[in-house]
Amino acid sequence: MREKELRIALICYGGISLAVYMHGITKEIWRLACASRAFHAGDVDDPACTGVYYKLLQRIADEARLELRVLVDILAGASAGGINAVFLSHAIATGRPIDPLTELWLESADVDKLIDPEVGTLSRFAKSAAIPFAWLMSRQSGTVENTVEKEQRAEIRAKLASFVRAPWFAPPFGGPAFTGLLLDAFDAMDATPAGKSLLPDNQPLDLFVTATDFRGFPQKLQLNSPPEIVEREHRITLAFQDPGGTGRNFADPIELTFAARATASFPGAFPPFSVSELDKILDQRSRPWPTRNPFLARVLPGHKAAGDLEAILIDGSVLANAPFRPCIAALARRPARREVDRRFVYIDPKPGRRSVNLAGGGEAETPGFFTTIFGALSDIPREQPIRDNLETIEHLSGRIRRQRRIVRAMRPEVEAAIERALGSSFLFLSPTPKRLGKWRSHANDLAARAAGYAYAAYAHLKIATVAEEAANAIFRLGGEGDRVRKDRVRRAIWRVVDARGLVGSGVVTSSGVSPDAIAFLRDFDMGFRTRRLRFVARRLTRMAEELGGEREERESVRKLLNDMLARYHTREPQQADEPSRRAFEAVEERPEAAMAALARILDLRPLDEETDARLTEAFNVLPKGDRRSLLLNYLGYPFYDVATLPLLQGEGLDEFDPIKVDRISPDDATAIRKGGTEATLKGIQFNSFGAFFSRAYRENDYLWGRLHGADRLIDITLSALPDGVALTAESVAALKREAFRTIVAEEKPRLTAIPALFEQLEREIG
């Protein structure tokens with residue numbers, strides 16, 4: 001049976017109160033990932049993970065002969081979408097259910113709960129001034145009379161009136177109260193028993209949340225003239241990563257609360273977020289934050305360099321509403337156990353519709369004075385389309401396709417060259433660590449001679465890539481700093497590289513690279529080692545399709561390759577001991593000492609010896625056909641690396657498959673009702689603040705989020721089937737109906753404010 005992984009990088013847009021809708025979708029994403037974990041583990045005891053998605057994966061295995069595993073390993077979000085990405089990542093890492101967040105949205109995402117106590121106590125004058133504005137807002141939108149059930153109209157009118165403080169606005173929602181609600185939601189999640197992570201042990205988990213630094217922090221830039229300038233940077237990406245391995249340790253919920261509160265500080269609705277706000281709340285709760293200083297130094301490096309960690313952060317959507325870019329960067333060095341179908345899936349709750357529309361008139365009407373100002377400052381940056389991101393992804397996919405074609409075309413010639421050089425009889429010998437090392441050295445020399453003049457370019461590119469990676473590691477472990485310091489660190493490392501004779505014509509000899517270059521690469525070239533292991537792992541995956549045979553033996557080799565990849569990744573330093581840190585801090589004066597400290601931390605040579613020994617054992621348990629194929633790929637890898645590394649410019653495209661992009665939105669999920677956002681969601685009212693005014697609105701949007709999520713996730717999962725393989729339309733429709741009926745049955749007892757919607761859905765679903 002063919003094996004495949006559908007890997008999802010999830011991007012959650014901002015949407016203000018449409019966060020409730022997005023939560024319904026992320027709950028379905030969690031259930032799909034949970035069902036995938038349970039299906040492949042043979043676990044049938046968890047009802048939340050053994051429903052329709054479990055049946056879907058079983059149907060794919062039975063009818064399409066495909067073992068498909070679904071992983072959500074990269075998440076990013078801004079504003080309201082950032083909150084959902086934060087909580088979903090925590091649930092994926094811990095295996096805990098995401099249900100406590102449902103209560104946060106339904107119970108607490110309400111004007112009465114979010115409003116600042118000082119704003120809520122209105123004087124008679126302030127309230128009388130607010131009522132006309134609120135009434136105008138409701139009359140213009142037409143929602144109170146036309147779309148709200150009769151029993152909710154008085155509630156919404158009253159909350160609209162109290163939403164406005166006075167003729168001169170102040171943020172109506174309380175920042176500390178919101179921070180407290182987020183902490184409470186994490187506490188509720190962590191009070192549930194921890195389950196198994198929804199990712200395999202060695203699969204990294206990345207989360208990126210955008211925020212906007214209102215004041216900005218100084219960044220030095222180097223020019224030709226003047227030689228140096230200072231500008232202020234306002235973009236911040238709060239990044240969290242669990243590299244994988246046994247026992248996940250993703251992030252402290254306090255730090256995740258920091259990210260969620262910062263990214264959702266919508267201007268005008270919430271006050272800006274600051275570190276002191278979180279400190280004060282933690283102090284009131286007598287709750288320690290032991291990782292405070294290292295965390296702040298990591299996520300606010302510009303402020304750390306300036307000696308002031310008290311940043312003022314506002315909504316992440318102001319400058320980055322669709323954070324694709326950090327997700328693209330996270331693709332580097334992802335382990336590839338089997339064939340990978342990489343998807344970028346983004347949630348857009350209101351495609352083509354602005355979150356905040358200040359135009360007043362139609363699109364054809366010339367904007368007025370204030371409309372032009374506010375649109376230029378807020379609307380246009382927030383709603384910028386994702387075309388640039390899609391073009392970047394397509395460019396990346398194009399390089400992957402070219403690399404695959406190059407490797408396929410080269411394979412017969414490379415295998416023939418290896419057999420000619422080593423003699424075909426070597427394939428019948430049992431590998432030993434000594435033999436494997438000798439064969440590998442011979443193959444390296446052969447690749448250098450066969451490449452001719454091209455080998456010099458390859459060698460210099462490899463040395464340059466390794467030197468830049470070393471400089472980045474030393475800069476990070478030595479306290480980071482601004483861009484000017486980073487450039488000084490880089491130039492210091494290149495002085496060492498030059499002093500060792502690794503720049504110029506002496507690097508490449510007639511049989512390969514110089515002894516000094518070999519020593520340098522043995523100490524620091526992590527990339528070549530991991531690229532080679534992943535290359536062999538990919539070949540192992542293809543062998544299952546081409547050669548057939550016993551899968552158990554191949555699976556043991558695959559586990560070994562993954563384990564060794566994880567061992568190399570753990571050598572990538574996340575922090576340094578005190579002597580090494582001092583050496584890194586002094587890199588500009590003593591770069592050789594800094595490089596020596598980094599080599600001690602990496603300690604790659606003993607790991608190389610262990611890899612040879614374990615690979616030898618693994619190859620010897622394989623049938624001869626499998627062993628021949630893997631040995632030829634392992635020994636021939638220098639040929640492929642010479643050809644493909646210049647194409648990739650040193651990037652680690654380890655998944656080795658083109659990337660596809662999918663959207664989840666009301667416009668795309670039409671199995672129940674057509675008409676998109678307008679026909680289904682209530683939260684779009686009042687400039688996307690609508691769901692904050694009524695529980696009925698929140699229940700409506702949350703339920704549609706689950707239904708739309710199920711609709712689209714079934715489609716996306718089935719789109720991972722091989723070309724020419726598909727389930728019947730009747731089978732897919734039946735699965736969707738079962739999913740919809742299950743969701744409606746689960747939610748009907750909880751969602752008591754929307755009885756009319758349940759009646760409509762029962763008719764529409766059938």
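Visitor: How many of the twelve residues of strand 2 are buried?
Guide: This is a predicted model, in which local features need pLDDT of at least 70, side-chain atom pairs count only at pLDDT 80 or more, and totals for chains, interfaces and linings use all residues. Residues are numbered from 1 along each chain as its sequence is written, and side-chain values use heavy atoms, with hydrogens and water left out. Buried means under 20% relative accessible area, exposed over 50%, partly exposed in between (1.4 Å probe, protein chains only). For strand 2, residues 66–77, the buried count is eleven.

Visitor: Which residue of strand 2 stands opposite glutamate 5?
Guide: Helices (H or I, at least four residues) and strands (E, at least two) are DSSP runs, numbered from the N terminus. Two strands pair if DSSP finds at least two bridges between them. Strand 1, residues 2–12, runs parallel to strand 2, with eleven bridges joining them. Opposite glutamate 5 stands arginine 69.

Visitor: What is the bridge partner of glycine 77 in strand 3?
Guide: Strand 3 covers residues 205–222. Four bridges pair strand 3 with strand 2 in the parallel sense. The partner of glycine 77 is valine 209.

Visitor: What class of aromatic pair do phenylalanine 535 and tyrosine 640 form?
Guide: Rings of Phe, Tyr and Trp (its six-membered ring) pair if their centres lie within 6.5 Å; planes under 30 degrees apart count as stacked, over 60 as edge-to-face and the rest as tilted. The whole structure has 16 aromatic pairs. For phenylalanine 535 and tyrosine 640, the centres are 4.8 Å apart and the planes lie at 40°, so the pair is tilted.

Visitor: How many residues apart are phenylalanine 535 and tyrosine 640?
Guide: Both residues, phenylalanine 535 and tyrosine 640, are buried. Phenylalanine 535 sits in helix 22 (residues 526–546), tyrosine 640 in helix 27 (residues 624–648). The pair links distant parts of the chain, and the separation in residues is 105.

Visitor: Why is the pair of phenylalanine 619 and tyrosine 634 classed as it is?
Guide: The centres of these two rings, phenylalanine 619 and tyrosine 634, are 6.2 Å apart. Their planes stand at 70°, so the pair is edge-to-face.

Visitor: What is the relative accessibility of tyrosine 634?
Guide: Phenylalanine 619 is in helix 26 (residues 604–620) and tyrosine 634 in helix 27, so the pair ties together parts 15 residues apart in sequence. Phenylalanine 619 is buried, at a relative accessible area of 0%. Tyrosine 634 also counts as buried, at 2%.

Visitor: Which charged residue sits over the ring of phenylalanine 240?
Guide: Phe240 belongs to one aromatic cluster with Phe250, Phe258, Phe273, Trp289 and Phe295. A charge sits over a ring if NZ of Lys or CZ of Arg is within 6 Å of the ring centre and within 35 degrees of the ring normal. At 5.6 Å from the centre of phenylalanine 240 is the charged end of arginine 298.
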